[in-house]
Amino acid sequence: MSPTAIITGITGQDGSYLTELLVSKGYVVHGIVRQTGVLTPPRLAHLIREPEIYGSQLFLHYADLNDAMAIRRIVHQVAPDEFYHLAGQSHVGLSFEIPESTCELTAMGTLRILEILRELENPPRMLHASSREIFGTPPYIPQTENTPFDPSTPYGCAKSFATQLVKTYRDAQGLFCCNAICYNHESPRRGENFVTRKITIAAARIAAGLQEKVGLGDLAAARDWGFAGDYVEAMWRMLQQETPSDFVLATGESHSVTDWLDIAFSRAGLRWEDHVETDNSMFRSTDPCMLLGNPQKAESELDWKRTVGFEELVDLMFDADQERVCQELEKTS
Ligand code: NAP
């Protein structure tokens, strides 16, 4: 019989890549979608259009993460083998503007799911998408699974709470549940309000003559940036292990916003210095530094290795945005 998985956050960047991966492995995938008025979630549209996938290997169910009753009903109906909990308010900066809903969704939402799974006679294996933001400004680089939590944003605080709960339910309740402690991961499906997409969209639009300038925050800010498709592969591998454990998913390389600008704008045939304006309102008051992950445990125990390097990642995001801009221009001409 085909293995069955539930994914929360299936309409997001990671959810869409994970769905593709699980479908390719023969899973039946049930996604939890909140009611937003969007009939066909754009990141899943290519799968929904496939009659041999949608309705036979892929099913969508409406439920908000705050609605325990609805989630419990879906879990009982589906009786999944694996449960991937990816839903969340994923924008760190935005969590200062909407701290209460960020914490409600990310922290309490995870507690609700753990409680629902704990009640089951045969609970599924569960993966929680945690974040490097749990480390705040860490005492050393690179960080590992043993680095102490010291979050410095509402998002990081909520993820810390959820991450610790996952450990607690694993140790105290015997659930097979794991934290994927994810460093930044990007793709052409990344939300447009993240700096990486802002850059690749701006480079494509400026090259097409559709805009002249782009406003960005701290150009020196550096992160450990990987490709989302690689990270969902590691998430799946985590649930195939004999024993549950937490894993840092990272590249072990740090790059700055300026590195993104250099690669994307030169691919567009432009000099970013002619088009970028620094916007002080976009600087974060507590921007974490020294965030660099050590993927050694994932590499040795999961036999996982990223397949997309930094430059290739920027190129593939720029190329996808350039193609979108060309399609828009064709439609309007
Ligand atoms: P994303 O693209 O922003 O997707 C977030 C998903 O959560 C979307 O499907 C969204 O639904 C859903 N969601 C939001 N509020 C919800 C609610 N109230 N009820 C049900 N679903 C809700 O994020 P992502 O990049 O795929 O990230 C996946 C997870 O990994 C998140 O938990 C994120 O915090 C974590 N993470 C990501 C990164 C990264 O660099 N990408 C790094 C560390 C951790 P809608 O489509 O309706 O908005």
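Begin by selecting leucine 22, which counts as buried because its relative accessibility is 0% (buried means under 20% relative accessible area, exposed over 50% and partly exposed in between, with a 1.4 Å probe and protein chains only). The model is a predicted one, in which local features need pLDDT of at least 70 and side-chain atom pairs count only at pLDDT 80 or more, whereas totals for chains, interfaces and linings use all residues. Residues are numbered from 1 along each chain as its sequence is written, and side-chain values use heavy atoms, with hydrogens and water left out.

Leucine 22 has its place in helix α1, where helices (H or I, at least four residues) and strands (E, at least two) are DSSP runs numbered from the N terminus.

**Aromatic pairs**

Next, turn to the aromatic rings, of which the structure holds 4 pairs; rings of Phe, Tyr and Trp (its six-membered ring) pair if their centres lie within 6.5 Å, with planes under 30 degrees apart counted as stacked, over 60 as edge-to-face and the rest as tilted. Select tyrosine 17 together with phenylalanine 227, an edge-to-face pair with 5.6 Å from centre to centre and 75 degrees between the planes. This pair links distant parts of the chain, since tyrosine 17 belongs to helix α1 (residues 13–24) and phenylalanine 227 to strand β10 (residues 226–227), 210 residues apart. Tyrosine 17 is buried at 12% relative accessibility, and phenylalanine 227 is buried with a relative accessible area of 13%.

Then move to tryptophan 260 and phenylalanine 310, an edge-to-face pair whose centres are 5.5 Å apart and whose planes stand at 85 degrees. Tryptophan 260 lies in helix α8 (residues 257–267) and phenylalanine 310 in helix α10 (residues 310–332), so this pair ties together parts that are 50 residues apart in sequence. Tryptophan 260 counts as buried at 1% relative accessibility, as does phenylalanine 310 at 7%.

**Charges over rings**

Now select lysine 25, whose charged end sits over the ring of tryptophan 236 at 3.9 Å from the ring centre (a charge sits over a ring if NZ of Lys or CZ of Arg is within 6 Å of the ring centre and within 35 degrees of the ring normal). Arginine 190 lies over the face of phenylalanine 194, 3.7 Å from the ring centre.

**The ligand**

Keep arginine 190 selected and show the ligand, because one of the arginine's polar side-chain atoms lies 3.0 Å from a ligand oxygen atom, a polar contact being a pair of N or O atoms within 3.5 Å (within protein, one must be able to donate a hydrogen and the other to accept it, and residues adjacent in sequence count only if both atoms are side-chain atoms). An N or O atom in the side chain of tyrosine 155 is 2.7 Å from an oxygen atom of the ligand, while for glycine 9 a backbone N or O atom lies 3.3 Å from a ligand oxygen.

Around the ligand there are 25 residues, among which Thr11, Asp14, Arg34, Ser90 and Tyr155 come nearest; a residue is near a molecule or strand if one of its heavy atoms lies within 4 Å of it. Of the elements around the ligand, β5 gives the most to the shell, with 3 residues.
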